[in-house]
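Work through the following exercises with the sequence and the model side by side, and try each task before reading its solution.

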Amino acid sequence: MIAALRTLAVLEAPSEAETVFGGRTKSWTQVAALWVDLQPAGHRERSDETTRPALIETARAVARTHAVAARGQRLKAGGEAWRVVAVTPSRPAPGRMTLSLERMWP
């Protein structure tokens, strides 16, 4: 197992708006800055009969509990962006939370 390294990260929430041409645009807005212990958790492959297989890398980030953390947000740490797929409060201890993260490689 690789030792965790504390990293300053930014938690971002999606914002959608309608464009002047009637389309939709999505941007990310910072909602929190937090120190995380980012730990690689492995990878898996996803595919179906219509698309090429894609490699999905997984990781865990442990941080102090933050009320705004939610599934669907983005965590940016060390120049990399991860999608938050789950937030587990009180893990590994009270006052801490574990974020389950994923990012896809084409």
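Two strands count as paired if DSSP finds at least two bridges between them, and strands are DSSP runs of E with at least two residues, while helices are runs of H or I with at least four residues, both numbered from the N terminus. The model is predicted, so that local features need pLDDT of at least 70 and side-chain atom pairs count only at pLDDT 80 or more, whereas totals for chains, interfaces and linings use all residues. Residues are numbered from 1 along each chain as its sequence is written, and side-chain values use heavy atoms, with hydrogens and water left out.

**Exercise 1. Determine which secondary structure elements the protein has and how its strands are arranged.**

Begin with the inventory, which comes to six strands and zero helices, so that reading along the sequence gives the pattern β-β-β-β-β-β. Next, follow the pairing from strand to strand: the order β1-β2-β3-β6-β5-β4 describes a closed barrel with antiparallel pairing. From one strand to the next the twist averages 50°, where axes are lines fitted to C-alpha atoms and angles run from 0 to 180 degrees between N-to-C directions.

**Exercise 2. Identify the bridge partners in β6 of Val62, Val87 and Pro89.**

Then turn to β5 (residues 80–89), which pairs with β6 (residues 96–105) in the antiparallel sense over six bridges. Finally, examine the connection: β5 and β6 form a hairpin with six residues between them, and Ser90 in the turn has a positive phi of about 60°.

**Exercise 3. Describe the protein as a whole through its extent, burial and contacts.**

Start with the C-alpha trace, which spans about 45 × 35 × 25 Å along its principal axes. For burial, apply the cut-off of under 20% relative accessible area, computed with a 1.4 Å probe and protein chains only; buried residues then make up 26% of the 106 residues. For contacts, meaning heavy atoms within 4.5 Å, consider those with a separation of 6 or more: 50% of them join residues 24 or more positions apart.

Note on methods
Buried < 20%, exposed > 50% of the residue type's maximum accessible area, 1.4 Å probe, protein only.
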